[in-house]
Amino acid sequence: MQVAVFPSGLSSLNTLQCCLSFISEGDNWTCWIISTPETRSACERFEEYNPKIKAIFHDDLEEELEKANDDIEFNFLVGPSTREEQLRTLSLLFNHSYIPKFWFIEESPGRKNEKRFLSSYTDTKIPMSILEKTVVRSVLLADDLSFIQANRIIWDVQSSRFIYNIQFPNNASRFGKIKIRDFQDEALGIFQEAQKRFGKHAVEGRHPPLGRFGWHQNAHDRFQQAGFRGGR
Amino acid sequence: MSRLIFFAQPHNIEWAVTKLNSTLHLFQQQDGLPLIERVLLLYDNSFSRDMIDEHVNAIKNINYKIDLDELVTPTLGEVSNWNGDYGLRDKDWILLPHPGILLGKILHEITNSFDFREGNIGLCHPNPDGKTITMFALHKTTSGPAGLPKIRMKKVPLETDNFQTLKTILDKPSNGNYNTVLPLATIPMVHKRAIDILVKGTHEESLKYIIDNINKSAGFGFESIVQSILSTSRDLTEIYHSVSFGADNRESQEEDFFVLTKSQQIIWISCKFTKTIGVIRNEVKRLRLIPPLTFPKERIYSILATSRHMAEKYYSESDKDEYPDVHVCHVENINEKIYSISNRDGGN
């Protein structure tokens with residue numbers, strides 16, 4: 001039996017996508033996601049969503065390993081979660097005499113799904129599963145759903161990320177320096193809140209070319225510095 | 001003979017070199033850790049000689065006697081020629097690199113390497129708290145008829161010296177546009193008098209005193225008072241004033257102060273001399289944002305400095321829990337707040 005095991009990162013939907021990708025390899029695959037106090041609730045929702053996903057709180061992993069069958073082959077995905085949590089999980093595997101096969105997330109800069117894989121260091125590749133909008137809606141908390149709806153944040157199936165397109169008011173071209181700054185603060189606040197909720201790498205911020213509103217180069221610089229993508 | 005293996009990093013070199021420095025320093029200072037006599041520096045073809053020299057200088061500054069090997073790999077993720085003389089061996093220590101793909105490669109090598117079949121390897125992980133390095137000691141044996149490896153892994157957290165400077169963190173996003181504030185033994189008399197009025201007097205009295213005695217612009221005058229207060233704090237190691245951010249010196253954002261505490265936290269300080277509570281509320285809302293610094297956000301704090309009257313008014317009229325990460329202080333308690341931030345363990 002193949003078990004993919006790894007700690008969940010704060011980009012919880014990326015964790016779910018990795019779980020579903022491993023599971024799609026065959027009936028003999030299951031996935032153990034190791035949770036922390038910060039990720040426990042999301043992991044438990046993923047367990048409810050797909051019974052082949054098992055959410056294990058990090059303090060309980062040792063107990064699970066003690067009762068694990070001898071025929072399990074572990075597959076450890078490096079990438080999600082903190083380094084500390086990854087090494088903690090790995091220590092437990094090693095100390096219970098399991099040597100896992102190691103995997104990493106291979107992706108091109110464009111991060112399109114067709115160019116993303118789970119790859120092992122022995123040249124095995126598993127294509128990333130696609131996370132449809134219906135799946136995302138079914139695993140998000142009501143509060144997170146309200147947040148994305150209120151701020152017109154959309155789930156992009158192709159890149160498996162949330163996209164926050166800044167909504168500019170009709171009178172944006174008449175904004176003075178202070179109003180531009182206040183508007184940018186507001187947009188940054190939404191962007192950073194989205195990153196806090198869904199994980200830093202799970203949200204992309206975008207704006208239209210700012211020249212359209214006659215905004216100064218500085219405004220563009222500030223958006224870029226905050227991690228937004230968009231033209232001058 | 002122990003060897004430290006370090007993967008050069010193409011981005012945020014200052015932080016990479018800082019980690020290298022503090023790890024080497026720890027090996028020199030800490031009882032129970034071996035003496036590092038050799039360093040293996042791995043990098044790929046995209047690294048310029050200048051970038052590599054920054055790493056080499058960091059190593060030689062700690063101990064010029066350390067032997068240094070350099071290994072160029074096709075790409076950082078593909079370390080196919082990491083074998084033979086350079087391959088993993090007993091008593092190696094590896095400073096863990098940031099990208100997950102490299103960590104996986106290292107772990108794959110440890111478990112599968114023909115060069116390293118038995119012995120001990122240490123993994124060094126500098127923690128984001130800036131104060132500790134966690135060491136993971138691995139012991140590998142290869143036994144049984146199938147020659148399968150067995151690994152045992154033990155975790156040892158160690159305190160380290162602080163090597164990170166705020167200057168290196170600010171230099172990149174600010175293009176070096178800031179004023180360095182030096183420590184002071186005492187606050188100048190004219191500022192002491194202003195502080196007294198800001199604490200006990202009315203806004204109008206403070207305004208008059210600042211304009212008449214410190215600066216014609218009350219806002220700048222107030223900033224200079226806060227600067228004097230900060231420069232007497234014994235909990236700060238670095239203070240920078242008028243920090244501008246922006247590409248190509250365009251200064252898209254200017255902030256009053258960024259300071260570094262003894263415990264390696266960054267505090268973003270904004271000064272507001274006003275009698276309008278709305279200005280204070282708006283600024284608090286702005287200070288909840290994460291500033292454009294490459295630094296763990298868990299160690300970034302915000303303070304709004306204002307007069308005592310406005311700080312008290314803000315706390316009596318606002319929902320304290322709305323922005324719990326932003327502290328509204330006045331001239332009399334700002335250093336007290338810095339002390340409490342510097343001496344707390346962890347978050348706000």
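Chain A first: its secondary structure comes to eight helices and 11 strands. Helices here are DSSP runs of H or I with at least four residues, strands are E runs of at least two, and numbering goes from the N terminus. Keep in mind that this is a predicted model: local features need pLDDT of at least 70, side-chain atom pairs count only at pLDDT 80 or more, and totals for chains, interfaces and linings use all residues. Residues are numbered from 1 along each chain as its sequence is written, with chains lettered from A and ligands numbered from 1 in the order in which they are written.

Overall dimensions next. The C-alpha trace of chain A spans about 70 × 35 × 30 Å along its principal axes. Of the 232 residues in chain A, 39% are buried. Buried means that 20 or more other C-beta atoms, placed from the backbone, lie within 10 Å of the residue's own.

Now contacts. Two residues are in contact if their C-beta atoms, placed from the backbone, lie within 7 Å. Take the contacts in chain A with a separation of 6 or more: 62% of them join residues 24 or more positions apart.

On to domains. The bounds come from an automatic or database domain assignment. Chain A has domain 1 at 2-132 and domain 2 at 140-229. Their centres, taken over C-alpha atoms, are 31 Å apart. Domain 1 of chain A puts 13 residues into the contact, and domain 2 of chain A puts in eight. On the domain 1 side, that is four nonpolar, six polar and three charged. The classes: Ala, Val, Leu, Ile, Met, Phe, Trp, Tyr, Cys and Pro are nonpolar; Asp, Glu, Lys and Arg are charged; the others, Gly among them, are polar.

Six residues of domain 1 of chain B touch six residues of domain 2 of chain B. The domain 1 side divides into two nonpolar, two polar and two charged.

Last, the chain interface. How many residues of chain B are in contact with chain A? The count is 30, and they meet 24 residues of chain A. Which elements of chain B give two or more residues to that side? They are α3 (100-112), β6 (132-143) and β7 (148-159). α3(B) has the largest share, with eight residues. By class, the chain B side holds 14 nonpolar, 10 polar and six charged residues.

Terms used
A residue is buried if 20 or more other C-beta atoms lie within 10 Å of its own, exposed if 12 or fewer, and partly exposed in between; C-beta atoms are placed from the backbone.
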